[in-house]
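Biologist: I would like to learn how to read a structure like this one. Could you take me through it feature by feature?

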Amino acid sequence: MIHIITDSSSDYDLTLAAQQQVEIIPMRICFGETEYLDRQTISVADFYTKLEQADTLPSTSQITPFQFCQVFQPHIEAGDQIIGIFLSSELSGTFQSAQAAKQMLHTDDIFLVDSLNAALGQHLLVQIAVRLREQGLCAPDIARELTQLASKIRLIACVKTMRYLVMGGRVSPAAGKIGGILGITPIISLVDGKVEPLGKVRGHKAACHWIQHYLEAHPADARYPVVFSHSVNPQGRDELVQELDALLPNTDYLYCDLGSTIGTHIGPGAIGVAYIEK
């Protein structure tokens, strides 16, 4: 049997994960001295409520090699195989912890994939893994395919407020204040596994147009689904879907709520899309 395991940075709904037989290892989120298990002891909605009330950004702790061993070992002892798809190694040491756990267990039946992504980009890769497993591919071939696709994922997100970019030190307070007055909407992406700015526009509609032009320049591969996401902004997400629909080669759309990994830095009101570039 092939087990697909990911961390909660993939923004997988727990009900969907159970339906698809995907195992989620929760990240730990700390607001001050209070610790929560992502999506287990704190919901996405409650996370954003606390985030809006916070004076400083919450912190997250990477999954340790010991925690990975606890998850991996029962499957290995049962004679099964594991495909692990984890948060970008450029953003966290979680992937390195998974590698350490594999070495500790002395097994060749764990196949690890550095998603080079987070949130909806990582979510997309896990969804593709589920489909490849359903098609009957073996674990090594699935991992090989996912590793090749990871570098082709395009993730674009529009930020509604600059407050959290300022709190995280990515934008200066002066630039954040001016941006707020002018209604500036930053557009960010994950490039080579790291968060990078792509552009700035004024307002939600202009942001949707910007993504539309980006998609024209970097078309999607029709063989793979497209993931749309938002942080407590379903209306904005739906408007983005409508804006991009004519450009997308199929209607195989997937949806997820933007969770704490990226949500900590861009806050509520954001929208995003992730796809495999042709």
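Modeller: Gladly, and let us begin with burial: a residue is buried under 20% relative accessible area, exposed over 50%, and partly exposed in between (1.4 Å probe, protein chains only). Note that this is a predicted model, in which local features need pLDDT of at least 70 and side-chain atom pairs count only at pLDDT 80 or more, while totals for chains, interfaces and linings use all residues. Residues are numbered from 1 along each chain as its sequence is written, and side-chain values use heavy atoms, with hydrogens and water left out.

Biologist: Is threonine 185 buried or exposed?

Modeller: Threonine 185 is buried, because its relative accessible area is 8%. Helices (H or I, at least four residues) and strands (E, at least two) are DSSP runs, numbered from the N terminus, and threonine 185 sits in strand β9 (residues 184-191).

Biologist: What does threonine 185 touch?

Modeller: Contact means heavy atoms within 4.5 Å. Leaving out residues up to four places away in sequence, threonine 185 touches Cys158, Val159, Gly199, Lys200, Val201, Gly203, His204 and Ala207. For histidine 204, which is 19 residues from threonine 185 along the chain, the C-alpha separation is 7.1 Å.

Biologist: How do I read a nonpolar core?

Modeller: A nonpolar core is a set of buried Ala, Val, Leu, Ile, Met, Phe, Trp, Tyr and Cys residues joined through side-chain atoms within 4.5 Å. The largest one here has 69 residues, and Phe72, Ile85 and Leu146 touch the most other members. Helix α5 (residues 119-134) gives the most to this core, 9 residues. Apart from it lies another core of 20 residues, including Ile156 and Phe228.

Biologist: Which residues of helix α2 are buried?

Modeller: In α2 (residues 44-53), Val44, Phe47, Tyr48 and Leu51 are buried. An arc is taken from the directions from the helix axis to the C-beta atoms. Down the axis of α2, the buried residues fall within an arc of 95°, so they line one face of the helix.

Biologist: What about pairs of helices?

Modeller: Axes are lines fitted to C-alpha atoms, for helices over the stretch in contact, and angles run from 0 to 180 degrees between N-to-C directions. The axes of α5 and helix α6 (residues 139-150) come within 10 Å and cross at roughly 150°. Angles under 35 degrees count as roughly parallel, over 145 as roughly antiparallel, 65 to 115 as roughly perpendicular and the rest as oblique, so α5 is roughly antiparallel to α6. Among the residues that meet are Leu125 and Ile128 in α5, with Ile142 and Leu146 in α6.

Biologist: At what angle do α3 and α4 pack?

Modeller: Helix α3 (residues 65-77) and helix α4 (residues 94-105) pack at about 55°, with their axes 8 Å apart, and are therefore oblique to each other.

Biologist: Where is aspartate 11 found?

Modeller: Aspartate 11 is in the loop between β1 (2-7) and α1 (14-20). Its phi is near 55°, a positive value in a residue other than glycine. Aspartate 11 counts as buried, because its relative accessibility is 1%.
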